[in-house]
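Have the model open as you read.

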Protein chains: 2
Amino acid sequence: MSQEKPLILIANDDSIYSKGIRVLVEIMSEMGEVVVVAPDTHQSGMGHAITLGSPLRVSKTSDFGPQILSYKCSGTPADCVKFGKHQILKGRKIDLVVSGINHGSNASISVLYSGTMSAAIEAAMEGIPAIGFSLCEFGADADFSHCHDYIIKICQQVLVHGLPKGLTLNVNFPAKSEVPLKGIKVAKQANAVYREFFEERKDPYGQSYYWMDGNLENDDLNNNTDLDALSDNFVSIVPIKYDLTDYAELELMKSWDL
Amino acid sequence: MSQEKPLILIANDDSIYSKGIRVLVEIMSEMGEVVVVAPDTHQSGMGHAITLGSPLRVSKTSDFGPQILSYKCSGTPADCVKFGKHQILKGRKIDLVVSGINHGSNASISVLYSGTMSAAIEAAMEGIPAIGFSLCEFGADADFSHCHDYIIKICQQVLVHGLPKGLTLNVNFPAKSEVPLKGIKVAKQANAVYREFFEERKDPYGQSYYWMDGNLENDDLNNNTDLDALSDNFVSIVPIKYDLTDYAELELMKSWDL
């Protein structure tokens, strides 16, 4: 970490009006110069969507007080990071991108659907150390008070150690309970499955529409997963990469008749 | 491959009205029983977005003639695969999901932004062998004629060999040219970077809006990448997985002070 205050870009997917990003801005302001670029509407489940074929609207806000440069953006979480890096902070070195704190878990395969994590992954693709933070509690008034010290500690470690190029940390916190957290576990992404179903309803005109519903079920035989850590009341950290190549399979496929 | 015709689910992101999916339906009809569930609007760049907080509309279409069961869906490419598996084909074993043929490349890091590939990855998450096909040519009237024999060959190999659980193939074709394709290369995802910029314009009311633009630049030092294969006029296949865990980094992080 240099003597200067680190420059920290913050994004999320629950929108600039969510409690989670307000808490994260407060925490990160203790560590560095904070700039916020966040969606102006809820973008949960947007995955790594980007806006193609239509332009973005971006405007300054004063939601975080006069000390914090902040912008709301009509695009996706990944758009926000792109706009923050290439337009708002053009020419400046961003030391860290943090995304969240998400209202709801992004553990296991949820990482793939998560706008919060895609904002962090987008930063990693741009060569910036990045962390996504999520709380296993959906409520708009969720209690994030037990996250503070852990977020400081994890960010400090990243600012000291750096992160290898392309790496992102997926950090999930158990919901607040009367029992204190046990600490941090570095874990693998649980190979769980959503058991989904669609509920058919009729609108007032007799036409069908469908609600998707389902439950995440953990079939992973490995017991060092993020879901195991969270259910044991640990903070989970999964180091994730955006190179999706399966290198073992790449070798095996050489025997195919192609 | 069993004696019965394989059951093949087809999705895409360019919408059910695109030429690429029409071509893919024709080709796959030679191999098995085809069912189509595809978006009713363009969903390019939607990544692994899913529809949360609002319901889906799905309706039968006759776009592919009376022999082909087909549906258009108001949701994302990943939604289409979920709906196909859990609602339309509930209780039936799907032998293969194919997505595309996409109008435009999904090589390198474009795999992360791609709705086409997310449909295929969603199938892999559901335990179904899945392949995404893309052509390096955006035009609505793109020429897909050189893809036919390769698609048959690749799908036959997958139906014979199966795919390990969680694996998806990202297949990209060079645009049609006067030179015949040289064959197939199994390659890694190129670690390229989009060099992006935003162009600011004013609307008739004096308010700013921004167009994102940029170019993909290949910084990867490895020369067995999908971009290398494509520029050498080979069909590229990257075996990809949705477990994003960086296992090497997971070990290294044990030395962190957490």
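## A strand covered on both sides

β7(A) is covered on both faces: Leu167(A), Leu169(A), Val171(A) and Phe173(A) are buried on one side, and Thr168(A), Asn170(A) and Asn172(A) are buried on the other. Buried here means 20 or more other C-beta atoms within 10 Å of a residue's own, with C-beta atoms placed from the backbone. That makes seven of the seven residues of strand β7 (residues 167-173) of chain A, so the strand is largely enclosed by the rest of the structure.

A word on the ground rules: this is a predicted model, where local features need pLDDT of at least 70, side-chain atom pairs count only at pLDDT 80 or more, and totals for chains, interfaces and linings use all residues. Residues are numbered from 1 along each chain as its sequence is written, while chains are lettered from A and ligands numbered from 1 in the order in which they are written. Strands (E, at least two residues) and helices (H or I, at least four) are DSSP runs numbered from the N terminus.

## Who pairs with it

Strand β6 (residues 130-135) of chain A runs parallel to β7(A), with six bridges between them; pairing takes at least two DSSP bridges. Thr168(A) is the bridge partner of Ala130(A). Strand β11 (residues 235-241) of chain A is antiparallel to β7(A), again over six bridges, and Pro239(A) partners Leu169(A).

## Two copies

How values were computed:
A residue is buried if 20 or more other C-beta atoms lie within 10 Å of its own, exposed if 12 or fewer, and partly exposed in between; C-beta atoms are placed from the backbone.
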